[in-house]
Amino acid sequence: MGHPELDFSAIPKLYGPENFWHWRMLLRSYLEAADLWKDDHPRENPHAKFILLATVQTDKIEPGFEQETPKQIFKTLEERFCPY
């Protein structure tokens, strides 16, 4: 399950449409390397959820994310911040 030696600190915090694609590419690369990415979204896994939330600027995290799956959170962020 995952690769604890991978360091996700190089993933910038998502703060808006201006850095969405950069954030998404690095997040996806990290999660793929840790086998936490499936199809076009994060796997349903507590570690994937932690990495996802840890790479989002605090004021962009919604209270409802606590009850949502990583896939749901990712799709919500994509809808809010994808510039296209």
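Let's start out in a loop: proline 63 sits between helix 2 (46-54) and helix 3. Helices here are DSSP runs of H or I with at least four residues, strands are runs of E with at least two, and both are numbered from the N terminus. Proline 63 has a relative accessible area of 75%, so it counts as exposed. The cut-offs are under 20% for buried, over 50% for exposed and in between for partly exposed, with a 1.4 Å probe and protein chains only. Its C-alpha atom is separated by 29 Å from that of alanine 33, 30 residues apart along the chain.

A word on what you're looking at. This is a predicted model, where local features need pLDDT of at least 70 and side-chain atom pairs count only at pLDDT 80 or more, while totals for chains, interfaces and linings use all residues. Residues are numbered from 1 along each chain as its sequence is written, and side-chain values use heavy atoms, with hydrogens and water left out.

Now for the helices. Helix 1 (residues 20-33) packs on helix 3 (residues 70-81) at an angle of about 155°, and their axes are 11 Å apart. An axis is a line fitted to C-alpha atoms, for helices over the stretch in contact, and the angle runs from 0 to 180 degrees between N-to-C directions. The two helices are therefore roughly antiparallel to each other; that label is for angles over 145 degrees, while under 35 is roughly parallel, 65 to 115 roughly perpendicular and the rest oblique. The crossing of helix 1 and helix 3 is left-handed, meaning that the near helix is turned anticlockwise from the far one by less than a right angle (clockwise would be right-handed).

On the helix 1 side, the contact is made by Phe20, Trp23, Arg24 and Leu27, and helix 3 brings Phe74, Leu77, Glu78 and Phe81. Contact means heavy atoms within 4.5 Å. Sorted by class, that makes 6 nonpolar, no polar and 2 charged residues. Ala, Val, Leu, Ile, Met, Phe, Trp, Tyr, Cys and Pro go down as nonpolar, Asp, Glu, Lys and Arg as charged, and the others, Gly among them, as polar. Take Glu78 in helix 3: at 17% relative accessibility it counts as buried. Leaving out residues up to four places away in sequence, Glu78 touches Phe20 and Arg24.

Helix 3 has another partner. The axes of helix 2 and helix 3 come within 9 Å and cross at roughly 25°, which makes helix 2 roughly parallel to helix 3. This crossing is left-handed. Lys49, Leu52 and Leu53 of helix 2 meet Pro70, Ile73, Phe74 and Leu77 of helix 3, and the residues of this contact divide into 6 nonpolar, no polar and 1 charged.

Next, the aromatic rings. A pair of rings is described by the distance of the centres and the angle of the planes. The structure holds 7 aromatic pairs, where rings of Phe, Tyr and Trp (its six-membered ring) pair if their centres lie within 6.5 Å, and planes under 30 degrees apart are stacked, over 60 edge-to-face and the rest tilted. One of them is the stacked pair of tryptophan 23 and phenylalanine 74, at 6.0 Å centre to centre with 25° between the planes. Tryptophan 23 lies in helix 1 and phenylalanine 74 in helix 3, so this pair ties together parts that are 51 residues apart in sequence. Both residues are buried.

Phenylalanine 74 also pairs with tryptophan 37: their ring centres are 5.3 Å apart and the planes are at 90°, so the pair is edge-to-face. Because tryptophan 37 lies in strand 1 (residues 37-38) and phenylalanine 74 in helix 3, this pair links parts 37 residues apart in sequence. Tryptophan 37 is buried at 7% relative accessible area, and phenylalanine 74 is buried at 0%. Ring pairs link Phe20, Trp21, Trp23, Trp37, Phe74 and Tyr84 into a cluster.

Finally, take a look at two aspartates. Aspartate 35, in the loop between helix 1 and strand 1, has a positive phi of about 55° although it is not a glycine. It counts as partly exposed, at 49% relative accessibility. Aspartate 39 lies in the loop between strand 1 and strand 2 (41-42), and its phi is near 60°, again a positive value in a residue other than glycine. At 61% relative accessibility, aspartate 39 counts as exposed.
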